[in-house]
Structure formats: structure tokens, C-alpha cells
Amino acid sequence: MNDKEILRVKNLVVDVKGKNGKRSEIIKNISFELNKGECLGILGESGSGKSMSMKAILGLLDSHFIIRGSAYYKNMDLMLETPEKLRSYRGNDIAVILQNPMTCFDPLFRMEDQMKETWQSHLNLSKRELHEKALSVLRTMQIPNERDVLRKYPHQLSGGMLQRITIGLALSMEPEILIADEPTSSIDAITQFEIMKEFQKIKEKCGTSMIFITHDLSVISQVADRILVMNQGEIVDMGDFKHITTKAQDEYTRHLVRSKMMVMRQYNQVLQKGETL
Ligand SMILES: Nc1ncnc2c1ncn2[C@@H]1O[C@H](COP(=O)(O)OP(=O)(O)OP(=O)(O)O)[C@@H](O)[C@H]1O
């Protein structure tokens, strides 16, 4: 690893064991690095291996999967760490934001209790301080009526608001790396735009290193410094937005760009209308 890098993934292979005992390769020898303060976009269609590669790095795959390769975080190979150590990295150093914010919260508990629980095991704070922290996260994420929101259950809040809270919670842990796996896919286009603005702010203000996983080129066009394209478990292209959209040599990338560009034009039209509402 050089000084600029915060994560270096080398020759990552993931095999899955089928019921008949046969092994099939779902991640085929991928290597990439994430630089400090950089936002790396991982782009690919459904099933291309975006989530699996992240899960493998974070130790989130069960024993049906056989993983080879290395993933250096601050010169430590995550692949060689114990499950306990990986769990502590996931809480403190590497924050993960998932597709559906509803699945991150327990439907039976009020938002305040869930937020407090996130911090309780990591921070030594009094009840009062935890309450103040919860309010401050909501204010930072510009959530109105923050006192009311804390008393609500997850189903009483919109998907966009829950995702904002998830992002706020992830950031409150001051992670070194933020991994967002399709964080806007279950949200309408206007809220998606607002959430993307949050990610842009995070990048500009906090300098957090980010990996942003999506199947949608338009979504990462605003935040990603570099985009890595995956197809059938392999990295087929890598470069900045301009390279991906105008100079990609790989036929799959070109096909992806052509089809996304059309959607992107429509998406931008919707957003422009939304902004002037
Ligand atoms: N539990 C599983 N058991 C076996 N194979 C799996 C399992 N989960 C995913 N796969 C396979 O791994 C490959 C990569 O899946 P992955 O979820 O990483 O794709 P993705 O690019 O993140 O797509 P999506 O956006 O739909 O999640 C796919 O071929 C998928 O069928």
C-alpha cells in the first residue's frame, strides 16, 4: 500500500459451493484500490458481483463462500482478521449503508432507542448525552421536527427520511471509509437527488473515503472520482466519468453507457423540474 491509499484489494476471488458440491466462481480475481478522500463508484448490472465483492471484504459472507485474495486496510489484511476484529472495524472504521433503510431498523423500537443503541457499545455517553447526540444527528441531516422524529417508529417515516438518518448515523461514527450499496434505489427520483447532495457534502466537507455501489451511472456521475465497471464477476473497465462515457474500450461498458445515457437525460429533466417546483 502507498501513502495515498486507504484500501487495497488484490486478486479477490469468491467461489460459492452449490448443493451438488460444485463450486462456481462469482468474483473472478479482482484488484482495485481506494485512495484517501476519494469516492470510488462501482457500476454494474444486477448480478455483476458488486455487493458480493464488498461483503467478502467486510467478512459478511458465510461458509458457503470460499474467499481468496487480500484486502489491505491501513496495512492490515482484512482477510486474515478474526470475525470479532472485523465486526469492530465495521462499526468504527468502515460504515456500510444499505439499499433499503427499512431493513436497518427494528420495527418494534422508536428511532431514539435505535440511534442510541448504535452508539452505546462504542461511546461512553450518559443518557442525556445520547439524547443530545441523536438530536444533533437529525439536525445535521436537516430533518425537521427532530424531537417528534425521535419518538416515531421506522414505519412512520418515509424511506428518504430513514435513509438520511442511516447516513447521519454512519457519519456520526466518523468512519474512515463509507461504503454505500445502492443507497438510493428504493427512493423516488427527487429524494434520490437530495440524498445524493448529502453524499456530495460528505465528500466535500468531511473528506471521507467512499465506495459507492450502483447499477445507475447517472447516480454516481455527481460524486464518483473514479468509476470501476463490473461484469459477471470481473472488472472490465476503470476510469473517471469522462473516460467511462467517452473512451471506454470494453464493449459491455459501452453498451451500459449507451443505455444509461438515455435514462440519464430523462432523469436530469425530472430533476430540473423538481428543483423549480
Ligand atoms: N447467496 C448466494 N448464493 C449463491 N450465489 C449468490 C448468492 N448471492 C449472490 N449470488 C450470485 O453472486 C453473483 C453476484 O451477485 P451480487 O449480489 O454481488 O450482484 P450485484 O452486482 O450486487 O447485483 P444486485 O445489485 O442485484 O445485488 C450473482 O451471480 C448472484 O447470482
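Helices (H or I, at least four residues) and strands (E, at least two) are DSSP runs, numbered from the N terminus. This is a predicted model, where local features need pLDDT of at least 70, side-chain atom pairs count only at pLDDT 80 or more, and totals for chains, interfaces and linings use all residues. Residues are numbered from 1 along each chain as its sequence is written, and side-chain values use heavy atoms, with hydrogens and water left out.

**Stop 1: the ligand.** Select helix α1, residues 50-57. With 3 residues, α1 gives the largest share of the shell around the ligand. Now show the whole shell: V16, I26, E45, S46, G47, S48, G49, K50, S51, M52, F65 and E182 (each has a heavy atom within 4 Å of the ligand). The shell divides into 4 nonpolar, 5 polar and 3 charged residues.

Next, pick out the ligand's oxygen atoms. One is 2.8 Å from a backbone N or O atom of M52. For G49, the distance from a backbone N or O atom to a ligand oxygen is 3.0 Å. A polar backbone atom of S48 sits 3.1 Å from a ligand oxygen. On its own, the ligand has 630 Å² of accessible area (Shrake-Rupley method, 1.4 Å probe). The protein covers 59% of that area.

**Stop 2: helix α3.** Select residues 111-120.

**Stop 3: N35.** Go to strand β2, residues 23-35, and select N35. Is N35 buried or exposed? It is buried, because its relative accessible area is 18%. Leaving out residues up to four places away in sequence, N35 touches K4, E5, I6, S209 and R226 (heavy atoms within 4.5 Å).

How values were computed:
Buried < 20%, exposed > 50% of the residue type's maximum accessible area, 1.4 Å probe, protein only. Polar contact = N/O pair within 3.5 Å; in protein donor to acceptor, adjacent residues only side chain to side chain. Nonpolar A, V, L, I, M, F, W, Y, C, P; charged D, E, K, R; others polar.
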